Amino acid sequence: MVIKTENLNFYFGNQPVIKSLALQVPEGSIFGFLGPNGAGKTTTIKLLLNLLKLQEGSISIFGHELLSNRLEILRQIGSLIEQPAIYTHLTGKENLINRARLLEVPVDRADDMLKLVGLNDAGLKKAGNYSLGMKQRLGIGLALLANPKLLILDEPTNGLDPNGIIEVRELLIKLAKEEGKTVFVSSHMLAEVERMATHVGIINRGELVFQGSIQDLESISQPMVQVETDNTADAANYLKRNGYEIGHVTDSFITLPFTSKDNTATINAALHNNGHRIYSIGKVQKDLEQLFLNITQKS
Amino acid sequence: MKGFLLSLQSEFYKSRKTLGFWGAILLPTLIMFFMSVGFYFNAHKLVNHKPEMLWGQFAGIPLAIMGSLLLPMFIIFVAYSVNVIEHKSDTWKTLFTLPIPKWSIYTAKYLFAVILILITLTLFFVLTIGFGTLLGNIQPKLKFSGFHIETQLFQVYAKLFFASQGIIALQFLMSLLWKDFLKPMGIGFVGTIAGVILTGPARWEYAYLFPYAQPLLSVMGVGNKKIRPTETPVFFTNEVLISMAIAAVVFIAGYFILQRRSIK
């Protein structure tokens, strides 16, 4: 495990914001740290980087305890926390050069990073005049400067346009797959994490409500039968009267739990015989978005 | 140690385009330039001054302005300017996730503020001698060449520098902890005014204990004794010693506060 926390608790005053958090981030994974705004994602990240003082529990990174190996661990981490922290009175390139010198990395890396994050044309522009998306890219460039083994990125696609989001996603996938880096990325958008993560942790109100591989997450989502019909309300009432459990009804679809193929055929026949027009019927995996909502609402 | 040097170098790199850095150079340069221009055009009124008096007047004006009001206000500004870079760009969190010990980052930043004040005072000293000598050459009726003030003036500025350490430490810590400029500026301004009152009208005998009164006291001592070539003024007077002691205590306390603080 690259990141391992045990029984991590954190309080702002008397209010608990992180409760018994036990994260396990495997090496080489893209770990999507999901949760609604205010769930404790940034607090967790700040604890992992020792910006917030550890109150209860333990954090180990690269197999070493964080507090007693702080500098050695930080040397191998590149991070981006909340909005990008860049010196607005310096140019993009100067920001990179300043950091490169602090990290004792050759200053030529600044140009490589500008190219990597698509800012080579804006490198000599004052960073204060950058758009939010450009600042975010520069922030990612700064995080990657020292070629760290672990990247900790807090909402890295915030403020990016759709193209930028795709580029960042592809970059992170490439870094993990080709260079074996571990990427810990927080987000409040499931769709984004779903497209790149290999592992997922879902946090809500400071509690980790799910943790596992993306396949584990999909497998706990129950399959459903989705029926497209002309009058969904009537059809749903009819099915309900006949003892079926109805999941969800919209203007065009009814969804109900899948039990077997035969059962799907029976539903089809019953509706048809009752005079309903069936446009389509089939087994669907429960939408992860729905699942995410269910998990976070239940907890 | 390497982390400290890297951090100090970074402070120079970051601030070389800011008013905080250029202010340290421009303030003495402009004041001394305009004063020299004033002396040049009023040379006819000063021709009867003896060299000693002429130098005393030429060097005394900036010292009086600096000691009483300008230096404390300038320190407030410099101490804030080295910290505001991080407050404004929200970069404290990146500074403290660098693989550099916290004490290196803190000490480098603190020392950078001290260096800026040192640059200003050194320039005041150098430019006083430089412009005075220049005036003596281009306006020979001003008898600057008849007296050498270098040693005494150096001691006065060195004393002023050491007597400023208390204010630097206090203002630095306040500017480090508070993002809002009004707090360190307000406290600093009230402190400065109180310092002037305590040393001037009030003549409080323990004014040397009050950091904002210390630079003024250190210069006033010199003024009372008058600069005489034969006299060696006491360097480590009460206000200088107390100022340095306050600086040491506040600097160390600041580090412990920073250690215990969470970075927002």
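How many residue pairs are in polar contact between chain A and chain B? The count is 12 residue pairs, both residues at pLDDT 80 or more. A polar contact is a pair of N or O atoms within 3.5 Å; within protein, one must be able to donate a hydrogen and the other to accept it, and residues adjacent in sequence count only if both atoms are side-chain atoms.

This is a predicted model: local features need pLDDT of at least 70, side-chain atom pairs count only at pLDDT 80 or more, and totals for chains, interfaces and linings use all residues. Residues are numbered from 1 along each chain as its sequence is written, chains are lettered from A and ligands numbered from 1 in the order in which they are written, and side-chain values use heavy atoms, with hydrogens and water left out.

## The interface

On the chain A side, helix H2 (70–74) and helix H3 (92–102) each supply at least two residues that touch chain B. H3(A) gives the most, with six residues. Helices (H or I, at least four residues) and strands (E, at least two) are DSSP runs, numbered from the N terminus. By class, this side of chain A has 13 nonpolar, six polar and nine charged residues. Here Ala, Val, Leu, Ile, Met, Phe, Trp, Tyr, Cys and Pro count as nonpolar, Asp, Glu, Lys and Arg as charged, and the others, Gly among them, as polar.

In total, 28 residues of chain A are in contact (heavy atoms within 4.5 Å) with 32 residues of chain B. The two chains bury about 2,800 Å² between them, 58% of it on carbon and sulfur atoms. Leu51(A), Tyr87(A) and Leu102(A) supply 23% of the area that chain A buries against chain B, more than any other three residues. Buried area is the accessible area (1.4 Å probe) that two parts lose on being put together, summed over both.

## Salt bridges

A salt bridge is a side-chain nitrogen of Lys or Arg within 4 Å of a carboxyl oxygen of Asp or Glu. Three cross the interface of chain A and chain B. Two salt bridges are listed here.

| Residue | Partner | N to O distance |
|---|---|---|
| Glu94(A) | Arg16(B) | 2.9 Å |
| Lys2(B) | Glu104(A) | 2.8 Å |

Lys2(B) lies in helix H1 (residues 2–15) of chain B and Glu104(A) in the loop between H3 and helix H4 (109–116) of chain A, so the pair joins two chains.

## Sheets of chain A

One open sheet has six strands in the order S7-S8-S9-S4-S10-S11, with mixed pairing. Strand S7 (77–80) and strand S11 (207–213) stand at its edges, each with a single partner strand, so one side of each is left without a neighbour in the sheet. Two strands pair if DSSP finds at least two bridges between them. The twist averages 10° from one strand to the next. Strands S8 (residues 150–154) and S9 (residues 182–187) run parallel, joined by five bridges. Leu151(A) stands opposite Val183(A) in S9(A). Helix H5 (residues 132–144) packs on this sheet, touching S7 and S8, and its direction makes about 165° with that of S7(A).

Another open sheet has four strands in the order S13-S14-S12-S15, with antiparallel pairing. Its edge strands are S13 (248–249) and S15 (278–284). Two bridges join S13(A) to strand S14 (residues 253–257). Val249(A) has Ile254(A) as its bridge partner in S14(A).

Terms used. Axes are lines fitted to C-alpha atoms, for helices over the stretch in contact, and angles run from 0 to 180 degrees between N-to-C directions.
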